[in-house]
Amino acid sequence: MQLNYKLLENPQELKSYRLPQYDPAAIAEHTKQKPQWMHYGAGNIFRIFPAVLCQRLIEQGLMDTGIVCCESYDEEVITRCFRPFDNLSIAVTLNADGSMDKEIVGSMAESLTMLHDIARIREIFENPSLQMVSFTITEKGYAIRNAQDEVIPAVAHDMENGPKGCKHFMSQLTALCVDRYHACNTPLALVSMDNCSHNGEKLQNAVLEIAGAWRENHKISDGAYEYLSKNVAFPWSMIDKITPRPDEKVEKQLAADGFEHISPFVTAKNTYTAAFVNAEKPQYLVVEDLFPNGRPPLEQAGVYLTDRDTVNRTERMKVTTCLNPLHTAMSVYGCMLGYTLISKEMDDADIVSLIRTLGYKEGLPVVTDPGILSPQDFIDEVIEQRLPNPFMPDAPQRIATDTSLKVGIRFGETIKSYVAEKRSLDDLAALPLAIAGWLRYLLAVDDDLKPMEVSSDPMKDELQAKLAGITAGKPDTYQGQLREILSNTAIFGSDLVAIGLADKIERMFVEELAGAGAVRATLRKYLQPLT
């Protein structure tokens, strides 16, 4: 079978699949005339979450347009995963009981790349019907400054030269909004759906800093800047759905069903992707209801529409306490202990003790209850259902990616709460273990003292250089190399030396250098099993 519109004309061949209850070709044609929703970052979580939400709304008769999908980074995702398949995708939900729910998603009405389709993208931005542009481009996609808080060269070029010929995506996006101002002056919502703290604020800060430079350099008018600052909204959101890379077991099932040309591949930009996506069933999307040009009725598809404070509390609950810290802590230790699956780690009593202590004992006492979701219920679901799911092929090596960008939120915010509430940092065990474990992991040597690959990270080379001279298995090679890292507020959000937590982290780190098995021994030393 070939995944395309023609296949949908023969539903008897797809009896085990949920099919679009509408004509995707008709939806696509209507979307071209009256686009409402555009999305940047056509990756896995988008195709199995926001795109499926849109499909549900179309099926209920609540939307008559789909989503225009755009790629600003890796055009092969569009040219090889979308266009050959009439922009259809296969979404596979991996249930904890071993079953798979398979669905053909047809809500992706058009697929474009910034490199080759900018004229069409500009046309869509200039259409008053466009209500929202959403994003899943990862946290680093919004960064226009480096770790030293310096404007990166591409953005500096764009700030100086104005909206024409921009190099950086944030500049290109800002330029498209300026084009919309000149074409129709109609409001718009730019909605980050990335899994990072204050995502809407990150997007807004990037756009307005670039636009402010253009105004100062007389590249745009005061009116254009005012439009961006007052008529373009930047709703905050919280998204949660574990979506690992396409799995071989799923590929084999789809091939057994008769599908051809759906095998995963790696793009030239090192994106591992396929025409199908697999993910867990639990999912949450909480969005600030701030849409000045209207919006799709997302609440009818299970999205929580609320105020910014509630979004912030919900995001903070997940990112600082109930999921993300557990993921990061277990990923670095899982890599060192030889695991390649998150679910297998949940059979390891030491790792389970680490994340239960981190979540229940150290995190929940300072978590803010968002009111719409129970932190206790959320973390229960994470530990009892989501992480142990044996059919979720998620790897600690994937979760360990870009950890330097994450620890300030995932661990740093809890530390700040302890300091603010005058709680004793001496009571913390799992949290300093998580930080010590990350730094030990950066030595690229596992707990058997064998070489180990460290996942990509923008600060990887810099941090490893600061750890130079430390040898796993030789604790006496530690000569205070961590102090500069632990005092870096840009990484942790606090100076861990100044607040008195660094000594414990250093002690744990040195103990993890003692020899083969020292990483596990250190976990056991500082943690008591929690049931």
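Predicted model: local features only at pLDDT ≥ 70, side-chain atom pairs only at ≥ 80, totals over all residues.
1. Helix H12 spans residues 324-336 and helix H14 spans residues 349-363. Their axes come within 9 Å and cross at roughly 155 degrees. Angles over 145 degrees count as roughly antiparallel, and H12 and H14 are therefore roughly antiparallel to each other. The crossing of H12 past H14 is right-handed.

2. On the H12 side, the contact is made by Pro325, Leu326, Ala329, Met330, Tyr333 and Gly334. H14 contributes Ile351, Leu354, Ile355, Leu358 and Gly359. Sorted by class, the residues of this contact are nine nonpolar and two polar, with no charged residues.

3. The second largest pocket has a volume of about 1,200 Å³. Its lining is made up of 38 residues. Closest to the pocket centre are Glu139, Arg145, Lys202, Leu405 and Ala490.

4. Several helices give two or more residues to the lining of the second largest pocket: H8 (199-216), H11 (308-322), H17 (407-410), H18 (412-420) and H22 (489-492). H8 gives the most, with five residues.

5. What is the class make-up of the lining of the second largest pocket? The residues divide into twelve nonpolar, 13 polar and 13 charged. For the contact of H12 with H14, the count of charged residues is none.

Methods: Residues numbered from 1 in each chain as written. Heavy atoms only, no water. Axes fitted to C-alpha atoms, helices over the stretch in contact; angles between N-to-C directions. Helix = DSSP H or I, 4+ residues; strand = E, 2+ residues; numbered from the N terminus. Parallel < 35°, antiparallel > 145°, perpendicular 65-115°, else oblique. Left-handed = near helix turned anticlockwise from the far one by under 90°. Contact = heavy atoms within 4.5 Å. Nonpolar A, V, L, I, M, F, W, Y, C, P; charged D, E, K, R; others polar. 1 Å grid on protein atoms, 1.4 Å probe; cavity = no way out; pocket = protein on both sides within 12 Å on 5 of 7 lines; lining within 4 Å. Points joined across faces, edges and corners; volume = space filled by probe spheres on them.
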